[in-house]
Amino acid sequence: MKCKLCNYDKIHTTYQGLIRNGRLGRYTENPIIMWKCDNCDVIWHESILEDMKYYYESEEYRNSLEGGEMRNCFINCMTKRH
């Protein structure tokens, strides 16, 4: 495997375990391997979702973060500032 950012071929596992999935106290069902590049120090994990766009842009995801209404409030506040 190579670095996703700089394409360097020396990487190592920096963490393996559950990671937070959305709000505090909610974790992935399976352990995730976090990789780190020995050249540029970027850290990443392989995709654990097949449909990232649906997951991150759906109302279900926003509600899972307990932020469905907070999202609208944030957008309104930021729109008014600019």
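This is a predicted model: local features need pLDDT of at least 70, side-chain atom pairs count only at pLDDT 80 or more; totals for chains, interfaces and linings use all residues.

Colleague: Are Cys6 and Cys40 buried, exposed or partly exposed?
Modeller: Cys6 is partly exposed, at 33% relative accessible area. Cys40 is partly exposed too, at 29%.

Colleague: Let's step back. What pattern does the protein follow along the sequence?
Modeller: It reads β-β-β-α-α-α. That is three helices and three strands.

Colleague: What share of the residues is buried?
Modeller: Buried residues make up 20% of the 82 in the protein. The protein exposes about 6800 Å². Carbon and sulfur atoms supply 50% of that area.

Colleague: Which residues form the largest nonpolar core?
Modeller: Five of them: Cys3, Ile11, Trp35, Cys37 and Trp44. In soluble globular proteins, nonpolar side chains tend to be buried together.

Colleague: What does Trp44 touch, beyond its sequence neighbours?
Modeller: Leaving out residues up to four places away, Trp44 touches Met1, Lys2, Cys3, Lys4 and Ile11, and also Ile33, Met34, Trp35, Lys36 and Cys37.

Colleague: New topic. How many salt bridges does the structure hold?
Modeller: One. Lys4 pairs with Glu46, and their closest N and O atoms are 3.5 Å apart.

Colleague: Which parts does that pair tie together?
Modeller: Lys4 lies in the segment before β1, and Glu46 in the loop between β3 (43-44) and α1 (52-57), so the bridge links parts that are 42 residues apart in sequence.

Colleague: Are the two partners buried or exposed?
Modeller: Lys4 counts as exposed, at 54% relative accessibility. Glu46 counts as partly exposed, at 33%.

Colleague: Where does Leu5 lie?
Modeller: In the segment before β1. Leu5 is exposed, with a relative accessible area of 64%.

Colleague: What does Leu5 touch?
Modeller: Cys40 and Val42, not counting residues up to four places away in sequence. Leu5 and Asn39 are 34 residues apart in sequence, and their C-alpha atoms are 10.0 Å apart.

Colleague: Over to Ile19. Is that residue buried or exposed?
Modeller: Ile19 is buried because its relative accessible area is 18%, and the cut-off for buried is under 20%. Ile19 lies in the loop between β1 (11-17) and β2 (32-37).

Colleague: Which residues is Ile19 in contact with?
Modeller: Setting aside neighbours within four places, the contacts are Arg26, Tyr27, Thr28, Ile32, Met34 and His45. Ile19 and Met34 are 15 residues apart in sequence, and 9.6 Å apart from C-alpha to C-alpha.

Colleague: You mentioned Tyr27. Where does Tyr27 lie?
Modeller: In the loop between β1 and β2. Tyr27 counts as partly exposed, at 47% relative accessibility.

Colleague: Which residues make the nonpolar surface patch?
Modeller: Tyr15, Leu18 and Tyr27. The patch covers about 300 Å².

Colleague: Last one. What share of contacts joins residues at least 24 apart?
Modeller: 37%, among contacts between residues at least 6 apart in sequence.

Technical notes
Residues are numbered from 1 along each chain as its sequence is written. Side-chain values use heavy atoms; hydrogens and water are left out. Helices (H or I, at least four residues) and strands (E, at least two) are DSSP runs, numbered from the N terminus. Buried means under 20% relative accessible area, exposed over 50%, partly exposed in between (1.4 Å probe, protein chains only). Contact means heavy atoms within 4.5 Å. A salt bridge is a side-chain nitrogen of Lys or Arg within 4 Å of a carboxyl oxygen of Asp or Glu. A nonpolar core is a set of buried Ala, Val, Leu, Ile, Met, Phe, Trp, Tyr and Cys residues joined through side-chain atoms within 4.5 Å. Patches are made of residues with over 30% relative accessible area and no salt bridge: like charges are joined within 9 Å, nonpolar side chains (Val, Leu, Ile, Met, Phe, Trp, Tyr) within 5 Å. Accessible areas come from the Shrake-Rupley method with a 1.4 Å probe; for residues, only the protein chains shown count as cover.
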